Amino acid sequence: MVAVAILAAGRGTRMKSDLPKVLHSLGGRSLVQRVLDSVAVLNPERRLVIVGYGSEKVRASLADEPGLEFVEQTEQLGTGHAVQQLIPHLEGYDGDLLVLNGDVPLLRSETLSNLLKIHQASGNAATILTAHLPEPKGYGRVFCDGNNIVTQIVEERDCTAAQKQNRRINAGVYCFKWSALAAALPQLSADNDQQEYYLTDTVHFLKPVMAVDVSDFQEILGINDRKQLATAYDILQTRVKDRWMAAGVTFIDPDSVTVDDEVILEPDVVIEPQTHLRGKTLIRTGSRIGPGSLVENSQIGENVTVLFSVISDSVVQAGTRVGPYAHLRGHAEVGQNCRIGNFVELKNTVTGDRTNVSHLSYLGDATVGSRVNVGAGTITANYDGVNKHRTVIGDRTKTGSNCVLVAPLTLGENVTVAAGSVVTEDVESNALVIARARQVVKPGWQMQPKDTAGQ
Ligand code: UD1
Ligand code: CA
C-alpha cells in the first residue's frame with residue numbers, strides 16, 4: 001500500500017520568477033506534472049500535493065488530475081514542515097509514503113518502483129534515493145555506515161569543509177513507513193542555517209534508514225534555477241531523440257532539433273535541422289520535416305514534406321507538400337497530395353485532395369474541395385469586423401491571381417474566377433465570374449500640365 005506526497009509549496013527563489021517554481025515548463029509539461037506522471041506506474045492509493053506559494057495557480061494547473069488531494073502549507077518553513085501538514089490528512093493511514101520534491105522532474109518510473117520494492121522488502125523505516133555526483137554543489141550530503149545505513153543528511157550550507165567533500169547526495173526522493181514518520185515529524189527543530197524544518201532531519205528519529213543509489217545520476221537533477229532547467233531540458237532532449245533514432249527516425253542535426261516527449265514519430269521520418277516538434281504531434285512514415293520548421297499539436301500523414309513552415313493544431317494528409325514559408329493554424333486540414341506553397345496561411349480551413357494553394361494566399365474559415373487551384377494572392381475576406389464567415393469553394397474551381405473572396409460566399413464546382421476579382425455573391429457551378437471594373441483605354445490621352453505659376 002503506497003501513498004504519494006509531492007512537495008510543491010516553495011516559491012523557488014533562485015528561479016527569480018513570479019511563477020511558482022514547480023509550474024515552470026520542461027518540454028511542454030510543468031515540473032510538478034512530470035513528477036506526478038513519474039509515479040503513475042506505482043498506482044498509488046492516494047496522491048497528495050503540498051501547495052503554498054502560488055497555490056491557486058498550482059491547483060488550477062493540476063485540475064484535470066482525478067482524485068488529487070491538495071494540502072495547504074500557508075507558510076513555507078521547510079520540507080519537514082511541509083510534510084508535517086500531512087499529519088491530519090493521513091490519520092489512521094497505515095501504509096508507506098513516497099515523498100518527492102516537486103522540482104525533480106527527470107525521475108524514471110523504474111527507479112521509483114525499484115526504490116519502493118527495496119523499501120518494502122527490507123522493512124526499513126525509511127529508504128532514500130541517493131546519487132554520487134561529480135558536482136554535488138547545492139545538494140544535501142548523505143552520510144552512511146558501511147552497510148548503506150544513513151547516519152545523517154547535512155544540507156550543503158550546514159556542511160563543514162570536510163563534509164562538503166562527500167559526493168553522495170540526497171535526491172529528494174524518499175519512502176517512509178508513514179506511522180514511523182508521523183511519530184518523527186513533531187520532533188524536528190529548525191536549528192540550522194536556514195532556520196527551517198528539514199525533512200532530512202527525520203533520519204535521526206527513524207531506524208533504520210537505508211540509502212539506495214540511482215544508477216543514472218542525471219535522473220535526480222533538482223531544478224533550483226534557470227540553468228538547471230536548461231540542463232534538464234538537454235537531458236530530456238537527448239533521451240527523447242535517442243529513443244526515436246533507435247526506432248528508425250533520422251535526425252540530420254539532432255542538436256539543432258527539439259522534440260517534446262509526447263510527440264510520436266514513425267520509422268523513416270527525416271527531421272532536418274532547426275526543426276521543433278511540440279505537443280501532441282504525430283508524423284507518419286516517409287515524411288521529411290524541415291529545415292526550419294515548427295510543428296505543434298498536429299498530425300502529418302505519410303510522405304509529406306514541410307519546408308521552413310509553421311503548422312499548429314492542424315492536419316496534413318499523405319503526399320502533401322507544405323512550404324517554403326507556409327503557416328497552417330487553427331484546425332487547418334489539408335487533404336492528400338496537395339501543395340500549400342510560399343507565403344500561404346491557412347486558418348480553420350479544410351481542403352480536399354490534390355488542391356493547390358501555391359503562392360501568397362490567406363484562406364480563413366474556408367471549405368475547399370478537391371483539385372481546386374487557388375491562384376496567387378487569392379484572399380478570403382472572412383471577417384466583417386464583428387463576425388467570421390465561411391467561404392465554400394467547390395471541386396475543380398480555379399481562382400485567378402489576386403482575387404478577394406468576400407465571405408459568406410459559396411463558389412460552385414468548376415467555377416473560374418477572373419484575376420483581380422472581388423467576389424461578393426455566390427456563383428453557380430460551371431460559371432466564369434468576373435467581378436472587377438472593365439478596363440477603359442482612352443487613346444491619345446495626356447495628363448494636363450498643371451499651372452504652377454504663383455504657387
Ligand atoms: C532538498 C533537500 C536536499 C536535497 C535536495 C534534492 C531538504 C532540507 N533538503 O534541498 O537534501 O539534496 O532537495 O533536490 O529537504 N518545499 C515545500 N515547502 C517548503 C520548502 C520546500 O513544499 O517549505 C518544496 C519545494 O517547492 C520543492 C521541494 O520542497 O519542490 C524542495 O525544496 P527546495 O527548497 O528546493 O530544497 P533544496 O534546497 O533543493
Ligand atoms: Ca531543490
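A: Helices and strands are taken here as DSSP runs numbered from the N terminus, a helix being H or I over at least four residues and a strand being E over at least two. The model is predicted, so that local features need pLDDT of at least 70 and side-chain atom pairs count only at pLDDT 80 or more, while totals for chains, interfaces and linings use all residues, and side-chain values rest on heavy atoms, with hydrogens and water left out. Residues are numbered from 1 along each chain as its sequence is written, with chains lettered from A and ligands numbered from 1 in the order in which they are written.

The bond from G323 to P324 is cis, with omega near 5 degrees, and P324 sits in the loop that joins β24 (321-322) to β25 (326-329). The bond from G290 to P291 is likewise cis, its omega near 5 degrees, and P291 belongs to the loop between β18 (288-289) and β19 (294-296).

Two further loops hold a residue with positive phi. N148, although not a glycine, has a phi of about 65 degrees, and its place is the loop between β8 (141-144) and β9 (150-154). At 32% relative accessibility, N148 counts as partly exposed, the class between buried (under 20% relative accessible area) and exposed (over 50%), with a 1.4 Å probe and protein chains only. F343, again not a glycine, has a positive phi of about 50 degrees and lies in the loop between β27 (339-342) and β28 (344-347); F343 is exposed, with a relative accessible area of 52%. For context, most residues other than glycine have a negative phi, and most peptide bonds are trans.

Turning to the pockets, each is an open set of points on a 1 Å grid over the protein atoms alone, where a 1.4 Å probe fits, with protein on both sides within 12 Å along at least five of seven lines, and lining residues have an atom within 4 Å of a point. The largest pocket is lined by 48 residues, of which R14, K21, D103, G138 and N224 lie nearest its centre. The elements giving two or more residues to the lining of the largest pocket are β1 (2-8), α3 (79-84), β10 (168-177) and α7 (226-246). The second largest pocket is lined by 14 residues, with R29, R34, L107, R239 and D261 nearest its centre. Here α1 (31-38) and α7 are the elements that give two or more residues to the lining, and α7 provides its largest share, four residues.
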